Structure formats: C-alpha cells, structure tokens
Amino acid sequence: MEDLQRVILVHYHEIGLKGHNRSKFEKRLVRNLEALLTDYPLVTIHRISGRLIVFLKEGCEKDVAFECARFISRVPGVARVSCGFKCERDMDAMGGIAKLALAEAAPFESFKVSARRAHTDFPIDSMQMNRDIGAVLCEANPDASVKMKNPDVTVGVEVVQNAVYIYAFSIPGIGGLPVGVSGKVVCLLSSGIDSPVALWRMARRGARCFAVHFSGSPETSDTSEYLVQDIADVLDEYGCISDVYIVSFGEYQKEIALSCPPELRVILYRRLMFKVAAAIAARIGAGALVTGESLGQVASQTLANIQCTDAAVSLPVFRPLIGTGKQEIIYEAQELGTFKISTEDAPDCCTLFMPRNPETHGKLSVVEEAESVLDEDEWIERILSEVRIVKYPKR
Ligand code: ATP
Ligand code: MG
C-alpha cells in the first residue's frame, strides 16, 4: 500500500474554452498553484489533456490529500477538484485502485464509472472499461446501485500515454480564471464589507488586484489600516491580492473641509481618492479602478454622484457589486472569510468631517468649480511619495 501514488486532479472547463490562449492559462494556473501550495506535500504538477495532475509525496495521508483538494477548490480558475491515485495501465490494477478510490468517497448509495482514454494505444475502449471496472465495483459494493444520471459518486478513469489516473471523491471549485491572465487593476479597499468582495470577484476573473486604502489618520486613529491588512491576509491565502498601498488621508480631508462647501465634501473626498488610485494605476500599469459600490446603498452611491466621481479619472471604473444587494454581499463576505474583520469597529475616513446634508445629486460643473481652489496635483505627488506599500503576495 505504501507505494500508492496519490494525485489530485484539477479540472478547469472555462480555460478549455479559450482556444489558443489555453496553454498560457494552464501555465498560469500551474504557477499559481505551485506558489500557493507550499504548505502541502507536493512533488510536482503536470498538465494532461484538459486537466492538471497534482502529485503528492509518497505516504501522504488521505486527510492531507483531501484537505489539499479543498484548498485547491478555492483557487480562482479551478472548476472541480478530485482526489485519486496514479495506477499502471493494467485492468486488474485499475479495478483494485478504483475500489480503493470509491471506498474513500463514502458514503454513497449510487455510482457510475466514467472512463476516458487520451490515446487509442490502450486496447480497451472507454465503454468496455466502464463495464469491466463497474463490474468490479458492483461486486465490492453490493448495497450500492449503478446510476447513469446524477449518481452520488462518479469514478473517473483517465488513461493517458504512460499511466492511468483514477479518482472518485470530487468537489466543485470556485471557477473563474487564474489570477494574472486578465491584466492589473487598482481596487479601492476600505475596511468595510463590500470592497473586499468586489476585489475578490475581479481576482476570480483573472485580474491581478492591487489595493489602495485611505485612512483618516492623522485625524482619526489608524485602526482601519490594520483591518485592511487583515483583510488582505485573507485574500492572500488564495492568491487574490497584490501590493496594498496605504494612504494617510486625514489631512487632505481636513483641507477639503476647510476650503469647500460642506455638502460637497464626500464627493470631493471620493474624487481625490479616485485620482490617487489612477496615479497608482499609471505607475504600475493597471488598466482600471474597482470599487465596492452598490447602487443606492448609501447617500453617495447615486447615479449623479457616480458620474461626478468617474469624471475625475479617465480610466474605466468597475463596480462588480453595482447590482448586488447587501444580504448577498454579506453572504459572499462570509464565504470569503472577510466579514468578521469588516464588522470590527474602525473610524471610516469617509465619515470624517461628514456634513449634515451631503449632496446626493452632485453636478459636475459645481463640483469642479469647488475643487479648483485645491492644489490637488501637488497633494497627489506628496501622497505618492509618502504612501506605505505592504507587499503581497506574502509567500
Ligand atoms: P465598503 O463596505 O466597501 O466600505 P460602503 O458600503 O461602506 O462600501 P462607501 O463607504 O460609500 O460604501 O464606499 C464605496 C466604495 O468606495 C468602497 O466600496 C470602496 O471601494 C471605496 N472606499 C470607500 N472608503 C474607502 C477607503 N477609506 N479606502 C479605500 N477605498 C474606499
Ligand atoms: Mg465604507
């Protein structure tokens, strides 16, 4: 038994659809997994027709393999993950390994065998393999039934040139595309509930997400800076975040509060945030900004105000949550593991010097007029020279 070679099969249907880009995507997913799986006993990762095979070290325990599979299922680009074994191309050996794989996938009441051969140099076709291995499994599991449609467990048999891979335990992955295949973006990351979810959704579409956080420091405590780093640590676990830029924003907000009409403060803060984010984007070669805004959720998130803030920059601004309700966002934040951190108390720089009646229908000409008294170009330069950069990935 000791010389059993445990493997994890990683399936990725979306990548399969991408034609000539496929190899680039597969290579990226391999690289991402290699970087993320350093805590697991990995030997190597291979590509075989339409799947990745993660080879685990000899003697790797079942529980470790299953835990590793669960981890992999949360990495962007992974559609499904299965645990199994490498086996020689011999029908008796394959039957034995199939029994073992199926036993590890218990409990189940029904199953089927789904065999594939990548090369016709193996003399037995897939239908025959299904029947023969199915017969072995029926004998070993007399209480279970064979079910072609929606069985509890599907035993996969993949015959390739020099080996066979057999697996039964499978779990769905989060899907999407591997981080790094869709270019870079700069995400405005508060310590609130929404923006970490927005960032994660972009990462799941393959974007490399850099983040910028504005704290009310020195006018408020710097608690939010630490919460944002805790949030980034969670995102980092599955390779979803790159460097985090932390800006002490309080003194600029104070300047705005002193020089501009109170009702425009929030819009002006947000326009300055966008300009700083765009300057960072220019520095690192990012192609878009991302926010966690959701239409109508708070006073500032009206169409008129969104127009006013977008007009501050020429980059596209993505809002992955614009049509998502709060409850759904909360659910996603809980799944992601950032919700608890986001509900911890920290002063929010947006509420610093909050006017009694913030403008909800900002007019661009009025906003630009008010802004013209500020020396924002000089501020942005200063902000960039003083910004604190926390490096991710940490691994
Ligand atoms: P969140 O939960 O993401 O903070 P919110 O519902 O509190 O969102 P706002 O505070 O109006 O809404 O912020 C809208 C978006 O602006 C945020 O999702 C985030 O992208 C960005 N933003 C707000 N405050 C900050 C900040 N202090 N630093 C960086 N980005 C911010
Ligand atoms: Mg907020």
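Reader: How far is a backbone N or O atom of S195 from an oxygen atom of ligand 1?
Author: The model is predicted, local features need pLDDT of at least 70, side-chain atom pairs count only at pLDDT 80 or more, and totals for chains, interfaces and linings use all residues. Residues are numbered from 1 along each chain as its sequence is written, chains are lettered from A and ligands numbered from 1 in the order written, and side-chain values use heavy atoms, without hydrogens and water. A polar contact is a pair of N or O atoms within 3.5 Å; within protein, one must be able to donate a hydrogen and the other to accept it, and residues adjacent in sequence count only if both atoms are side-chain atoms. For S195 the distance from the backbone atom to the ligand oxygen is 2.7 Å.

Reader: Which residue has a polar side-chain atom 2.5 Å from an oxygen atom of ligand 1?
Author: Around ligand 1 there are 21 residues, and those that come nearest include L188, D194 and Q297; a residue counts as near if one of its heavy atoms lies within 4 Å. A polar backbone atom of G292 is 3.0 Å from a ligand oxygen. The side-chain atom at 2.5 Å belongs to S190.

Reader: Which element gives the most to the shell around ligand 1?
Author: Helices (H or I, at least four residues) and strands (E, at least two) are DSSP runs, numbered from the N terminus. At least two shell residues come from each of α6 (194-204), β10 (208-215) and α9 (265-284). With three residues, the one that gives the most is β10.

Reader: What is the volume of the largest pocket?
Author: On a 1 Å grid over the protein atoms alone, a pocket is an open set of points where a 1.4 Å probe fits, with protein on both sides within 12 Å along at least five of seven lines; lining residues have an atom within 4 Å of a point. The lining comprises 37 residues, and α9 gives the most, with four. Grid points are joined across faces, edges and corners, and a volume is the space filled by probe spheres set on the points; here that is about 820 Å³.
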